[in-house]
Amino acid sequence: MSEGLKIFKIGGGIIDDDAQLQRFLRELAQVPGRKVLVHGGGKGASQMLRDLGQEPQMVQGRRITDAATLDIVTMFYAGKTNKQVVAGLQAAGVQALGLSGADGNAIRAVRRPVRDIDYGFVGDLPADAVNVPLLRQLLETGLLPVFCAITHDGTGQLLNTNADTIASVLACALAPHYAVELHYCFEKDGVLRDVADDASVIPQITAAEYQQLKAAGIIAAGMVPKLDNAFAALEAGVERVVIEHALRINEPVRTVLCRS
């Protein structure tokens, strides 16, 4: 059996609240074994754009990233946010290393082609995006890699890339070498049967059950693309995917997604 690896992804809701972020990092420090952390950006970049007189542009939850926006998100994601996360982990006793995709050629993306929408400097990730030998080397030395949502294209161009996608692609790339668990951490205890009832967590969902829950409208809206990606990761060899509250990652309340 391959040795275990847990990949955690945290979103902007946790990043934006320093007390919650520090609590999450202390919880993460208590998780045994090899770990990778991927973080989103939070609202800081959008606020700075507004302060400079520019209105952030979003389409279906995705940021339009022109050259000026790329400068700002790089400063926030790869700079301020990433280093705050790494510093918090060091304070919790974890040897962490902050990375963008450009560092060590860790994650190479391709600029999203213009179709109906021009997303600007946004990166999509091919199947061979991840520098697996580098990641394995870092993990084997006991480091915890901390990835922000900035990648590169190999020709000197930085690209803004969805953090959920980065986490999923990392999990798939490392699955042949480790027994990988992918953890999506946010402000709920898992996938809810009733969005108005925080206690209605569905403890386990198989691929077949997911199709039934979608057809019944129980799982809908923003959870659908997240779970579509999660089940695609399972098909690609990831052992299991966990949807859980960022502040309770060491507790049993969660939703576990599995192939069957």
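1. The angles themselves run from 0 to 180 degrees between N-to-C directions, and the axes are lines fitted to C-alpha atoms, for helices over the stretch in contact. Helices (H or I, at least four residues) and strands (E, at least two) are DSSP runs numbered from the N terminus.

2. The model is predicted, so that local features need pLDDT of at least 70 and side-chain atom pairs count only at pLDDT 80 or more, while totals for chains, interfaces and linings use all residues. Residues are numbered from 1 along each chain as its sequence is written, and side-chain values use heavy atoms, with hydrogens and water left out.

3. Helix H2 (residues 18–29) and helix H4 (residues 67–91) have axes that come within 9 Å and cross at roughly 50°, and the two helices are therefore oblique to each other. The crossing of H2 past H4 is right-handed, where right-handed means that the near helix is turned clockwise from the far one by less than a right angle, and left-handed that it is turned anticlockwise. On the H2 side the meeting residues are Leu-21, Gln-22, Leu-25 and Leu-28, and on the H4 side they are Val-85, Gly-88 and Leu-89, with contact meaning heavy atoms within 4.5 Å. By class this contact has 5 nonpolar, 2 polar and no charged residues; Ala, Val, Leu, Ile, Met, Phe, Trp, Tyr, Cys and Pro count as nonpolar, Asp, Glu, Lys and Arg as charged, and the others, Gly among them, as polar.

4. Asp-18 also belongs to helix H2, and at 49% relative accessibility this residue counts as partly exposed; buried means under 20% relative accessible area, exposed over 50%, and partly exposed in between (1.4 Å probe, protein chains only). The C-alpha atoms of Asp-18 and Val-85 are separated by 9.8 Å, although the two residues are 67 residues apart along the chain.

5. Helix H4 is packed against helix H3 (residues 44–51) as well, at an angle of about 135° and with the axes 9 Å apart, which makes H3 oblique to H4. From H3, the contact is made by Gly-44, Ala-45, Met-48 and Leu-49, and from H4 by Thr-69, Ile-72, Val-73, Met-75, Phe-76 and Tyr-77. These residues divide into 8 nonpolar, 2 polar and no charged. The crossing of H3 and H4 is right-handed.

6. Helix H7 (residues 207–215) and helix H8 (residues 223–235) have axes that come within 11 Å and cross at roughly 160°, and the pair is therefore roughly antiparallel. The crossing of H7 and H8 is left-handed. Ala-207, Tyr-210 and Lys-214 of H7 meet Val-224, Leu-227, Asp-228 and Phe-231 of H8, and the contact has 5 nonpolar, no polar and 2 charged residues.

7. Ala-236 lies in the loop between H8 and strand E13 (240–245) and, with a relative accessibility of 44%, counts as partly exposed. Leaving aside neighbours within four places in sequence, Ala-236 is in contact with Cys-172 and Ala-175. Ala-236 and Ile-14 are 222 residues apart in sequence, and their C-alpha atoms are 28 Å apart in space.

8. If a disulfide is a pair of cysteine sulfur atoms within 2.5 Å, the count by this rule comes to 0 disulfides. Cys-148 is in no disulfide, and the nearest cysteine sulfur, that of Cys-185, is 18 Å away; Cys-148 counts as buried, at 1% relative accessibility. Cys-172 is likewise in no disulfide, its nearest cysteine sulfur being that of Cys-258 at 16 Å, and Cys-172 is partly exposed, with a relative accessible area of 24%.

9. Most residues other than glycine have a negative phi. Asn-105, although not a glycine, has a positive phi of about 55°. This residue, Asn-105, is found in the loop between strand E5 (96–99) and strand E6 (110–111), and is partly exposed, with a relative accessible area of 29%.

10. Glu-3 is placed in the segment before strand E1 (4–10), and, apart from neighbours within four places in sequence, is in contact with Arg-34, Tyr-178 and Ala-179. The C-alpha atoms of Glu-3 and Gly-123, which are 120 residues apart along the chain, are separated by 31 Å.

Definitions and conventions: Angles under 35 degrees count as roughly parallel, over 145 as roughly antiparallel, 65 to 115 as roughly perpendicular and the rest as oblique.
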